[in-house]
Structure formats: structure tokens, C-alpha cells
Amino acid sequence: MKKIPYGRQYIDHIDIEAVVSVLKSDYLTQGPIVKEFENKFAEYIGAKYAVAVNNATAGLHLSVLALDIAKGDRVITTPITFVASANCIRYAGGHVWFADINPDTYLLDLNSVKELIESKPKGFFKGIIPVSFAGLPINMEEFRKLADDNDLWIIEDSCHAPGGYFIDSKGVKNFCGNAFYSDIGIFSFHPVKHIVTGEGGMITTNSKELYDKLMLLREHGITKENMTENHGGWYYEMVELGFNYRLTDFQSALGITQLTKNQKGVEQRNKIASTYKSAFQGKIKFQSLPNGMYNAHHLFIIEVENRKELYDYLHSNGILAQIHYIPIHLMPYYKNLGNKIGDMPNAEKYYDKCISLPIFPTLTTEELDYIIFTINNFKF
Ligand SMILES: Cc1ncc(COP(=O)(O)O)c(C=O)c1O
């Protein structure tokens with residue numbers, strides 16, 4: 001059997017035709033398809049505004065800047081995420097403070113964040129970046145209350161979770177990254193993610209003020225509005241130190257066709273997760289699913305004592321399981337900033353045992369049966 005990766009993109013002829021049609025058009029970048037993708041994405045997620053960017057890391061960078069992070073500002077995030085969720089704080093000269101995860105959901109733990117905030121004087125922290133890790137939604141309503149009580153902003157890293165949702169206390173379905181309870185949502189379109197544009201990302205918000213700032217920062221800080229002078233039709237002014245973090249039109253065309261497939265893809269991911277769960281129930285620990293949550297299942301993670309042996313055994317059998325993630329506070333860069341082993345006991349215990357099994361919409365029944373069969377033959 002061919003090797004089975006933990007995640008794989010799904011590109012069909014509709015995707016290819018959409019990209020080719022833009023390649024034959026007048027605009028490869030800065031054309032109308034970017035706006036169309038932004039509008040369709042915002043509508044799907046349920047946010048007012050969306051800003052397409054060249055990757056989610058750039059989106060996180062712009063977001064902390066739009067939220068006026070300044071040198072020395074302190075922001076809280078989870079140690080169990082991809083490094084970009086934390087690095088964006090450093091790009092802006094801020095300090096990363098980690099709070100521990102919940103040992104069952106693997107998400108940034110509300111109580112750990114609360115304890116950390118309460119251990120410091122009011123005004124000590126500036127914001128929180130929770131992550132809907134593996135596709136399991138963060139309960140943003142709870143985080144919003146804590147943030148409001150402490151005057152903090154929230155960036156919701158939803159890179160793993162387009163299509164995931166939680167039901168709030170009013171019974172309303174909130175899609176991850178809809179930015180209803182947060183200030184900003186972030187998505188990634190890297191090939192292992194749900195919606196794929198090669199490299200690519202999206203920022204969502206309901207604030208016109210943040211939207212305007214994000215658009216300006218994405219395009220070098222250049223504007224044609226409210227200018228101090230006007231020399232003619234060509235004239236523009238640069239009013240902020242911005243960047244070129246644009247997504248191209250041909251990537252946006254791919255984003256649009258991929259977006260139309262997301263709902264089906266998420267359902268398929270959930271079917272695969274159910275099959276894993278019924279095979280492992282009572283035998284192997286997996287990520288819990290709190291009431292009112294719909295997991296978008298970017299990942300399916302199990303915890304085992306002899307993780308290294310299982311990893312090697314699966315790889316030798318063509319199953320390319322992965323580890324998500326090595327705790328960020330233990331990366332040499334973050335250790336050099338004062339973090340150390342023992343700081344985040346739940347995250348560290350989780351890391352010793354976690355392993356992500358293949359999950360993606362085109363995983364076949366035959367492949368899934370083979371993975372389960374192979375794991376069942378492993379001596380735990
Ligand atoms: C949770 C999380 N945040 C941010 C990123 C960064 O995304 P990108 O690769 O699009 O910059 C990733 C990518 O793996 C991620 O998983």
C-alpha cells in the first residue's frame with residue numbers, strides 16, 4: 001500500500017479549471033477574485049469582514065499590529081500549537097506568556113489563563129491568543145467574559161477549525177473564527193489544512209476599524225483615501241509602515257472552489273473520527289468533545305504511553321503519523337527567553353504521549369481499516 005500521510009490536500013478538476021481561468025485573465029494579483037474570495041469566506045464563517053493574506057503567520061503578524069501591540073506588551077497563548085501562534089507576539093516586540101492546557105480537550109485552559117491573569121496586577125497583559133486546536137472549538141464566550149473583565153483583546157487562531165463551531169449560552173451556533181466573541185479570527189490555507197491555496201490565509205473581524213487597519217497594513221501602508229495632498233490620478237500616500245502580505249488572484253480562485261467543498265470535507269473528517277473512536281473506545285485515550293462543540297477535525301490525536309515505539313512502528317508500516325506539537329515553551333528560542341521544563345505540566349505530559357493519526361477527506365475505507373488493524377496489532 002502507498003504511504004498514508006497524516007493530512008493531504010484534495011484538488012479536483014474544478015479547482016484546476018478555476019486557477020487556469022485566472023491565469024488566462026488580466027489580473028494575477030490585486031484583481032477582483034481576491035475580493036470575491038474574501039466576501040465568500042466572510043459569509044461562510046459568519047463574520048462581517050475578511051482580509052486575504054499570503055499565509056496565516058502574516059495574518060497573525062498584521063493582527064497583533066492592528067490591535068496596537070507595543071514593545072514589551074504581554075500576551076497569553078497556549079504551548080500546544082504551531083509556533084506561529086506565539087511568534088507573532090515576538091515580531092511586534094511583545095512578550096509571550098504561556099498558560100497550560102486542559103488535559104482532556106488539549107485546548108488552552110480557561111482556569112489556567114484566569115489564574116495567570118489574577119496573579120498579576122490589572123493591566124499587566126494586553127491580549128490572549130487561544131487556538132481551536134486540532135479543530136476542537138474554543139468556547140469563545142467564556143474567554144470573552146474573562147477578556148472583558150481584564151480589558152484584553154482576543155485573537156482566535158482558527159487555523160485548524162474552519163467549519164467547526166460551538167453553541168453559546170443563548171443557543172447560537174458560532175463558527176470558529178467568526179470573531180463574534182473575539183476581535184479577530186485567523187485561518188491558514190496550507191496544504192494540510194481544510195481549505196488549500198498552497199500558501200495562504202484569512203483574517204476575519206466584525207470591526208470596521210480593525211478591517212481598515214488590516215487592509216492598510218497588508219498593502220505597504222499605502223492609501224488613496226484622506227490624503228494630505230493630491231498630485232493627480234497616480235498619486236498615493238504611504239501613511240503606515242506596512243507590508244506586502246497579499247494573496248494572489250489565482251490562489252484566491254483555488255480558495256473559492258476549495259471553500260465550496262469544506263462542509264462536505266468536515267463531515268467526512270467527522271466520519272473518520274467516529275470510526276477511530278468506536279475502534280479505540282475504552283482502550284486508547286483521545287481528545288474529548290465537550291457538549292455543544294462540533295470538532296472540525298484537522299487532526300485526530302490519541303495518547304499512548306509508548307509513543308515513540310508506536311510512531312516508529314506506524315512509519316515502518318507506511319502510516320505517516322505525526323506529533324502535534326512539541327510544546328513551544330520548550331523550543332530553544334523560548335527557553336532562552338526564560339521558559340523551562342516543568343512550567344506547563346499538562347502540556348508536557350500530553351507531549352510525551354500524543355500522536356496524530358491520518359485524517360483527511362480522501363482517506364479511503366481501505367486505508368482507514370488498515371490503520372486501525374495496524375494499531376490493534378501493536379503491543380501497547
Ligand atoms: C494553529 C496554527 N496557527 C498558525 C499557523 C500558521 O499558518 P501558515 O503556515 O499559513 O502561516 C499554523 C500552520 O500550521 C497553525 O497550525
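Which side chain does a polar contact join to that of Ser182? I looked it up: a polar contact of 2.7 Å joins Ser182 to the side chain of Glu156. Polar contact here means two N or O atoms within 3.5 Å; within protein, one must be able to donate a hydrogen and the other to accept it, and residues adjacent in sequence count only if both atoms are side-chain atoms.

I note that the model is predicted, with local features needing pLDDT of at least 70, side-chain atom pairs pLDDT 80 or more, and totals for chains, interfaces and linings using all residues. Residues are numbered from 1 along each chain as its sequence is written, and side-chain values use heavy atoms, without hydrogens and water.

**Ser182**

I asked where Ser182 lies. It is in the loop between β8 (173-175) and β9 (184-188), strands being DSSP runs of E of at least two residues, numbered from the N terminus. Ser182 counts as buried because its relative accessibility is 6%; buried means under 20% relative accessible area (1.4 Å probe, protein chains only). I also found a polar atom of the Ser182 side chain 3.5 Å from the backbone oxygen of Ile184.

**The ligand**

Next I checked the ligand. A polar side-chain atom of Thr57 lies 2.5 Å from a ligand oxygen. For Ser188, an N or O atom of the side chain is 2.8 Å from an oxygen of the ligand. For Tyr325, I read 3.3 Å between a polar side-chain atom and a ligand oxygen. Alone, the ligand exposes 390 Å², and the protein buries 92% of that; these areas come from the Shrake-Rupley method with a 1.4 Å probe.

How values were computed
Helix = DSSP H or I, 4+ residues; strand = E, 2+ residues; numbered from the N terminus. Buried < 20%, exposed > 50% of the residue type's maximum accessible area, 1.4 Å probe, protein only.
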